[in-house]
Amino acid sequence: MAMERTAIIAGNWKMNLGPKEASSFVLEILPSLGQITANDPHIMSVLCPPAISLAAVKDVLDSIPVRHVELGAQNMYFAEKGAFTGEIAPGMVKELCNFVILGHSERRTIFGETDELVNKKVLAAFKHALVPIVCVGENSEQYENGETQNIIKDQVSQSLANLTAEQAAQVVIAYEPIWAIGSGQASDAHAAGNVIHYIRHLYHEMYGQKAADAVHILYGGSVNAENIADFIAHPDIDGALVGGASIKHDFIELLRNASKFKA
Ligand code: PGA
């Protein structure tokens, strides 16, 4: 990881931990997370609980001030407000947090989100000063057919279209091969690094050198406390989006190892 980019370890809790469980879990792990981020100014953690638990987790974060442990939502809609039953508006998210995951593969495959919709959400995030963590990644069939670069090119160019170069620089991209998510079968760090290198190249074409140097690109898919060292030590990989391992106490060890082994 280039020294000028802070390493980001984001935890995607998915549909786990309601308000009560979420606040007791964060109370338990926060002092240790805070110690790691206090000792290392180049690492940041972003906790992304379910929307209904955001306020409970924010209360804990406000009561134990630690630097560089941030809060993020897992999704939102792009409209300002109105008749969208079950959805959450960007302004509502911004009341509680500064980050939002957009276009996760589970949103794309289970809930039918398209690159066009993800792009609307990304633009809405910037309108509300939210940092979007935008997920891209190929499925196993596309991987086996050697289509990874084409898929990534489409997703990056469409999901991240129409930004200013300044906005583009602030984006966090998570490269998550779908076959690696929740499978226990993480990508090889070298192969993931190559795809991430390609994403940075695409970004350079879209938004220029400054944005390409500044954009954070994470790896996601079966990251755990052991294999984080391989990913974070890779010069092209700026951190990880962690699912299953982010709702266990192992997340502390994972963050510690990320701090220890980052390039
Ligand atoms: P996983 O999930 O770490 O459980 O594979 C990653 C993700 O879906 O963001």
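About 40 Å³ of space lies in the largest cavity, where a cavity is a set of points, on a 1 Å grid over the protein atoms alone, at which a 1.4 Å probe fits but cannot get out. This is a predicted model, in which local features need pLDDT of at least 70 and side-chain atom pairs count only at pLDDT 80 or more, while totals for chains, interfaces and linings use all residues. Residues are numbered from 1 along each chain as its sequence is written, and side-chain values use heavy atoms, with hydrogens and water left out.

Now to the open spaces. A pocket is an open set of grid points with protein on both sides within 12 Å along at least five of seven lines. The largest pocket has a volume of about 570 Å³, a volume being the space filled by probe spheres set on the points, which are joined across faces, edges and corners. Of the 23 residues lining the largest pocket, Lys 14, Met 15, Gln 74, Asn 75 and Arg 107 lie nearest its centre. Helix α4 (residues 105-110) supplies the largest share of that lining, with three residues.

The ligand, however, sits in the second largest pocket, meaning that more than half of its atoms lie within 2 Å of the pocket's grid points. That pocket has a volume of about 200 Å³, and among its 18 lining residues Ser 222, Val 223, Gly 243, Gly 244 and Ala 245 lie nearest the centre.

Finally, look at the ligand itself. Polar contacts are pairs of N or O atoms within 3.5 Å. A polar side-chain atom of His 104 lies 2.7 Å from a ligand oxygen atom, and one of Asn 12 lies 3.5 Å from an oxygen atom of the ligand. Ser 222 brings a backbone N or O atom to 2.7 Å from a ligand oxygen atom. The protein covers 94% of the 290 Å² of accessible area that the ligand has on its own, by the Shrake-Rupley method with a 1.4 Å probe.

How values were computed: A polar contact is a pair of N or O atoms within 3.5 Å; within protein, one must be able to donate a hydrogen and the other to accept it, and residues adjacent in sequence count only if both atoms are side-chain atoms. On a 1 Å grid over the protein atoms alone, a cavity is a set of points where a 1.4 Å probe fits but cannot get out, and a pocket is an open set with protein on both sides within 12 Å along at least five of seven lines; lining residues have an atom within 4 Å of a point. Helices (H or I, at least four residues) and strands (E, at least two) are DSSP runs, numbered from the N terminus.
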